Amino acid sequence: MANKSKKEIKFLGPGFNWMKIQGIIAVGVAGYDSPLPPGCKASVQTFDPGPACMGGPLLVAKGKVDTAMTTPPWFGRMALEGKGYFSSPLPVRALARFPHFDQLAFAVRKELGVTSLQEIKQKKIPVRVSTAPPGHPARWVIEKILKTYGYSLKHIERWGGKVVSEDRQRGRLQALRANQIDAVWDEALMTQRWKTVTDEFDFSFLPVGEDALRYCEEMGMKRGAIPKGRLRGVEQDVPTIDFAGWLLFCREDFPQDYAYHVVRAIDQNQKMIESVFQAGQGLTGSIDPAELWKETEIPLHPGAERYYREKGYMS
């Protein structure tokens with residue numbers, strides 16, 4: 001539980017992308033000329049990014065860590081409201097939202113001739129899908145969407161199809177070239193791996209239907225769209241679930257001065273954070289404190305809001 005006598009601030013930074021950001025923030029608050037009380041330390045923890053992303057709000061609420069990151073930001077709102085993945089409301093507050101373009105995509109090889117998610121169910125098409133692993137937000141959302149069409153990834157396997165996640169990071173292109181998969185259902189559209197596979201192979205991007213979108217919105221998700229031309233094969237805006245934005249958050253009782261200094265560390269290290277990301281690695285815009293407080297989906301922590309207002313970033 002957060003309190004003013006804390007001797008260590010624990011940052012959760014799963015995966016390379018968030019470890020970079022949380023590491024820089026940790027040094028910013030507890031490094032040279034630290035504004036924290038003498039003897040106060042900062043540490044960054046990491047484990048499997050999927051479960052950490054989904055479990056972050058629970059870990060913060062239980063006081064296991066002080067700040068965490070998740071995506072999409074609407075997942076934080078789900079936690080706050082106790083909807084969807086969460087069985088009861090959690091006391092979370094926003095510190096910042098980092099620029100990150102992303103949308104969920106249901107891409108299938110054009111040669112299959114599939115035009116909708118419903119068609120897969122109707123014809124029991126044995127698609128061979130590369131997707132996110134169990135415990136990952138994208139996998140969870142995909143299963144919820146498929147449920148509205150009356151099937152699941154397990155049904156696809158029963159029809160003779162295949163569902164794999166081992167090739168997700170490095171082997172997807174090789175699996176396509178070896179004709180081992182013919183569909184990619186996943187997020188992280190800003191990554192180079194999506195551009196590489198869609199440049200080499202012809203894909204159709206299947207829309208998420210209106211009934212499925214409404215169902216997802218009732219659970220707390222947010223609808224979005226893959227913009228026309230974003231990738232080769234996206235011939236029109238494709239309705240889907242929004243995965244844009246990285247939310248940095250904490251407990252509502254995180255000490256105000258600490259929240260203030262976390263945001264201060266981001267502001268003072270804008271260029272350093274930007275410099276550790278190459279194109280296609282996740283951060284898809286500049287670090288602008290005048291934008292970081294916007295569209296967080298959950299209320300700002302008062303300490304964070306105080307910093308944004310004091311510096312003129314928020315009126």
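Author: Gln22 touches Phe11, Leu12, Gly13, Val44, Thr67, Ala68, Met69 and Leu248, leaving aside residues up to four places away in sequence; contact means heavy atoms within 4.5 Å. This is a predicted model, in which local features need pLDDT of at least 70 and side-chain atom pairs count only at pLDDT 80 or more, while totals for chains, interfaces and linings use all residues. Residues are numbered from 1 along each chain as its sequence is written, and side-chain values use heavy atoms, with hydrogens and water left out.

Reader: Is Gln22 buried or exposed?

Author: Buried means under 20% relative accessible area, exposed over 50%, and partly exposed in between (1.4 Å probe, protein chains only). Gln22 counts as buried because its relative accessibility is 0%.

Reader: Which residues of helix H8 are buried?

Author: Helices (H or I, at least four residues) and strands (E, at least two) are DSSP runs, numbered from the N terminus. In helix H8 (residues 192–200), the buried residues are Trp194, Val197 and Thr198. They line one face of the helix, because they fall within an arc of 95° when seen down the axis of H8; the arc is that of the directions from the helix axis to the C-beta atoms.
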